[in-house]
Structure formats: structure tokens, C-alpha cells
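Please keep the sequence and the 3D view open while reading.

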Amino acid sequence: AAPAPGAVDAPRPEAPARWLSRGESTDRQPAYSPAGDQVVFSSNRGGGMNLWLVATATGTLRRVTDAHTNWDPAFTRDGRRLLWSSNRGGNFEIWSADLDGSGARQVTRDGGNAENPTATPDGQWIVYSSGNPEKAGLWKIRADGSQATRLVPGRVALPEVSPDGRLVLFRVFSGRYPALIRVAQVEDGQLLPFQ
């Protein structure tokens, strides 16, 4: 039977807390897989800053990358691939690979500081921030690296695409505190009122 209008689900009993990662390393930027069965994160465990996957049920750790500096991990919305920022080509660019790290390919060619990738639910676009002074702003690009389009110019960071894929929330470096948060349409970059 369908719940009554306005009904609220009963609270779920909390699972006991347990560590997913521990040790002397710096583990940061965790992101759940869409199915919730894995968490990807960046870590300096094992030397260098690389991407690691941990199974949420068992705690099994697996290293995904092993060269240069790799961070800003995210899953594609279908959970089949990883997105991240890497300097393996000399500049920070957006990369994509299968969950085991195979099939790695460079997506962006910004020439520096392409970071914070997030994918639209339909997999059509990857939205990211570029810190290259000539290309600074919020961008979208196809997964194959085509049709790079600047949505919003300026110094921005940390984009997050809405669950329906229509909007992107991002931080603007305005020199003020607290940080200025804006929302734009993924389709055309039109800024929307947001408070």
C-alpha cells in the first residue's frame, strides 16, 4: 500500500559505525558509488596522492591509480567509470577510467588546473572547473573530450550537478567570506537566483 500523503518514513536503525580507512595517511575527498557499495577517495597511502576504492561491506581497499598526483574523484552516475583530476600529462586535467583503473583517458585539454569533475545523470556531460587564466570558469565537456563549452567565466570551484542533471551548484571566489555559492543551468550556463 502507498504511504498516506505527508507520511514520513520511520527512522531506520543505525548500523554500527566502523572505519573504512585508517592509518597514518591523509585520506580525503570521499565519494560514494551510486549503488553505495564502494567509496572512492584520494590518499597519500603508498606514496604520492592517488585514488583508492574501499568496499563498504568488507572494507577491502584497492588502489586505482599509481602515478603522479590524482585527486577530486567522482563516479559517473551509472557507477561504471571514475572521473578525477590528474597531472600525469604535465598539467591538471580531467581523466576517466574503468573502476579498476584500466582504460584511462584524458578528457580535457585545458592546459592547467581542470579540476572537480562531476557527471550529469545521463552521462552526456562532465562539468568541471578550470583555473587556467585563459579559460577560467565553469565548463562542460562530453565524456569523449568533445564540445568543451564554458558555462560561466571567472574563478570558480567545486561544481555539483543536481540529481536531475539540469542545474549545477558551484563556488565563486569573490574575496568575501563566507564564499559565494551560485547556481547555473547546465544547458546554457544561465545563472539562476539562489540564496
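Contact here means heavy atoms within 4.5 Å. The model is a predicted one. By that rule, and leaving aside neighbours within four places in sequence, Thr 108 is in contact with Glu 93, Ile 94, Ala 114, Tyr 128 and Ile 141.

**Thr 108**

- Thr 108 is found in the loop between β8 (105-106) and β9.
- Its relative accessibility is 0%, so Thr 108 counts as buried, the cut-off being under 20%.
- The side chain of Thr 108 makes a polar contact of 2.6 Å with the side chain of Glu 93.
- The Thr 108 side chain also reaches a backbone atom, the nitrogen of Ile 94, at 2.9 Å.

- Strand β7 covers residues 93-98 and is mostly covered, with five of its six residues buried.
- On one hand, β7 is joined to β6 (residues 81-86) by six bridges, and these two strands run antiparallel.
- Within that pairing, Glu 93 of β7 has Ser 86 standing opposite.
- The two strands β6 and β7 form a hairpin with six residues between them, and Gly 90 in its turn has a positive phi of about 110 degrees.
- β7 also pairs with β8, in the antiparallel sense and over two bridges.
- Ser 96 has Arg 105 in β8 as its bridge partner.
- The hairpin of β7 and β8 has six residues between the strands, and there Gly 101 takes a positive phi near 90 degrees.

**Ser 96**

- Ser 96 has its place in strand β7.
- With a relative accessible area of 4%, Ser 96 is buried.
- Ser 96 and Leu 83 are 13 residues apart in sequence, and their C-alpha atoms are 4.6 Å apart in space.
- Not counting residues up to four places away in sequence, Ser 96 touches Arg 81, Leu 82, Leu 83, Trp 84, Gly 103, Ala 104, Arg 105 and Val 107.
- One of these residues, Arg 81, is joined to Ser 96 by a side-chain polar contact of 2.8 Å.

**The sheet of β9 to β12**

- An open sheet is formed by four strands in the order β9-β10-β11-β12, with antiparallel pairing.
- Both β9 (114-119) and β12 (149-153) stand at the edges with a single partner strand each, so one side of each is left without a neighbour in the sheet.
- From one strand to the next, the twist averages 25 degrees.
- Strand β11 (residues 137-141) is joined to β12 by four bridges, and the two run antiparallel.
- Trp 139 stands opposite Arg 150 of β12.

**Ser 130**

- Ser 130 belongs to strand β10 (residues 126-130).
- At 2% relative accessibility, Ser 130 counts as buried.
- The side chains of Ser 130 and Asp 110 are joined by a polar contact of 2.9 Å.
- Ser 130 and Arg 150 are 20 residues apart along the chain, and 9.3 Å separates their C-alpha atoms.

**Rings and charges**

- The count of aromatic pairs comes to one.
- That pair is Trp 71 with Phe 92, and it is stacked, at 4.9 Å centre to centre with 5 degrees between the planes.
- The pair links distant parts of the chain, 21 residues apart: Trp 71 is in strand β5 (residues 70-75) and Phe 92 is in the loop between β6 and β7.
- Phe 92 has a relative accessible area of 15% and is therefore buried, since the cut-off is under 20%.
- Arg 88 has its charged end over the ring of Trp 95, 4.8 Å from the ring centre.
- Lys 140 has its charged end over the ring of Trp 125, 4.2 Å from the ring centre.

Notes. Residues numbered from 1 in each chain as written. Predicted model: local features only at pLDDT ≥ 70, side-chain atom pairs only at ≥ 80, totals over all residues. Heavy atoms only, no water. Pairing = 2+ DSSP bridges. Axes fitted to C-alpha atoms, helices over the stretch in contact; angles between N-to-C directions. Buried < 20%, exposed > 50% of the residue type's maximum accessible area, 1.4 Å probe, protein only. Polar contact = N/O pair within 3.5 Å; in protein donor to acceptor, adjacent residues only side chain to side chain. Phe/Tyr/Trp six-rings, centres within 6.5 Å; stacked < 30°, edge-to-face > 60°. Lys NZ or Arg CZ within 6 Å of the ring centre and 35° of its normal.
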